[in-house]
Amino acid sequence: MTGPHPLRDTGAARRREVLISGAGIAGSALAFWLHRAGYAVTVIEKATALRSGGYPIDVRGTALDVVRRMGLLPRLRDAHVDLRRITFLDEDGGKVASVDPHTAAGSVAGRDLEVRRGDLTHALHAAVRDDVEFLFGDSIATLDQSGHGVDVAFHGGGRRTFAMVFGADGMHSRTREFLFGPEERFHRYLGYCFAGFTMRNTRGLSREVMMWNTPGRAAALYAVGDSDDEVHAFLNFARPKPPFDAFRDPGAQRDLVASVFADAGWEVPGMLAALREADDLFFDGVSQIRMPRWSSGRVALVGDAAYAPSFLTGQGSSLALVGAYMLAGSLAGRDHAEGFAAYERDTRGFVTMNQDQIGEGGASLFPTTARALEQRNAMLRRLRTLPAAEGRPAHSALTLPDFTPVGREPVG
Ligand SMILES: Cc1cc2nc3c(=O)[nH]c(=O)nc-3n(C[C@H](O)[C@H](O)[C@H](O)COP(=O)(O)OP(=O)(O)OC[C@H]3O[C@@H](n4cnc5c(N)ncnc54)[C@H](O)[C@@H]3O)c2cc1C
């Protein structure tokens, strides 16, 4: 690379104030890289504290290089969930097949990471909290780009002007709605809904997943540690139309899940009882966000807000991490318009390739007909005998450009 280095953090680069909405995976990662590039970063998060909870998530391929450059790889390796097996069960709870987790997920043993979502958000937050202003329990009320910057009014009553604003506020992004209109335009529903929550580990499970299936329904217990007191419970079901009414109503979510699984066997009755009590329920549609553009004026989107891939790909957190790195790096040495254009140009191919992974494994884990379930079970019995996966090319399809600031060694 020639000319001034893009991420040079010198007095020459004006310390410009930027706002990130959302302290999830994308938001904290973007805060890290923008701070390193010399911006004064504020992160506003609707929740009153960092949100943990959620099913363990994967960090694979190119995203591993992002966390390595952030210096987080050792911490995340320590937090790695080293699953021993995934056991698939039939309607009566009988064993169909027990498979190597990496083979089932298309990840690479010894290289790719699976960590509790909370471990990743806390690691990212810890890496930036001393350098970045975090405002919890508040959110953006209005955005006005008619002046020289972005005038932001907050629900909490404050008003400030920022050079740029970033929407890292997840699949149901309000920032996206401000800029581009209702979610329905970009929401590609994939025909399933899911609920995740924690419950007591009554079966004494240890570093394994047990997944029960009938056509259109799946129930899984996911034991992260060695005989921990708690397991992650997961209930997934096919539903032709997205239940938009339920998305904002936890009571309606519980009722919906309970009615879908009312006659189910195995451990499901106990799971439904736990669902009623759970204080960490996460319910959503299995959906993607696909947008023709990721920015408008001085505001850009990153992570699920711009390109949620759905959990069927297992790539949501990896896209958020890579997107954050690419967005911050693309802005270096450029104005917002050129920077946002470069971000899209250099990142969209990787994103689309990963979004297109649905159907490459994930969706076929949740068949909706008896015949498809039989075929899946036959496939799983064969899978048992195959060697461990090599990883999917899409996961590593982007080689990170080197945006390291001049005079600084890469971290990690
Ligand atoms: C608590 C939680 C549990 C999850 N569990 C699962 C799971 O089990 N399976 C799965 O596939 N995916 C889950 N996800 C989504 C998953 O984390 C993302 O797909 C992925 O990590 C991409 O991250 P992201 O940062 O783009 O979005 P997210 O991780 O969704 O982060 C978005 C952040 O923005 C905040 N936010 C939302 N709206 C506003 C607003 N208006 N103003 C300010 N802040 C706002 C949210 O509170 C959140 O902290 C979960 C997300 C959360 C927040």
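Let's start with a pair: helix H1 (residues 25–36) packs against helix H5 (residues 117–128) at an angle of about 25°, and their axes are 9 Å apart. (Axes are lines fitted to C-alpha atoms, for helices over the stretch in contact, and angles run from 0 to 180 degrees between N-to-C directions; helices are DSSP runs of H or I with at least four residues, strands are E runs with at least two, and both are numbered from the N terminus.) That angle makes H1 roughly parallel to H5, a label for angles under 35 degrees. H1 brings Ile25, Ser28, Ala29, Ala31, Phe32 and His35 to the contact, and H5 brings Leu120, Thr121, Leu124, His125, Ala127 and Val128. Here, two residues are in contact if their C-beta atoms, placed from the backbone, lie within 7 Å.

By the way, this is a predicted model: local features need pLDDT of at least 70, side-chain atom pairs count only at pLDDT 80 or more, and totals for chains, interfaces and linings use all residues. Residues are numbered from 1 along each chain as its sequence is written.

Now hop to helix H11 (residues 316–331). 16 of its 16 residues are buried, so H11 is largely enclosed by the rest of the structure. Buried means that 20 or more other C-beta atoms lie within 10 Å of a residue's own, all placed from the backbone. After H11 comes Gly333, with a positive phi near 75°.

Zooming out, the protein chain has 13 helices and 18 strands. Of its 412 residues, 45% are buried. And among contacts with a separation of 6 or more, 73% are between residues 24 or more positions apart.

Key:
Angles under 35 degrees count as roughly parallel, over 145 as roughly antiparallel, 65 to 115 as roughly perpendicular and the rest as oblique. A residue is buried if 20 or more other C-beta atoms lie within 10 Å of its own, exposed if 12 or fewer, and partly exposed in between; C-beta atoms are placed from the backbone.
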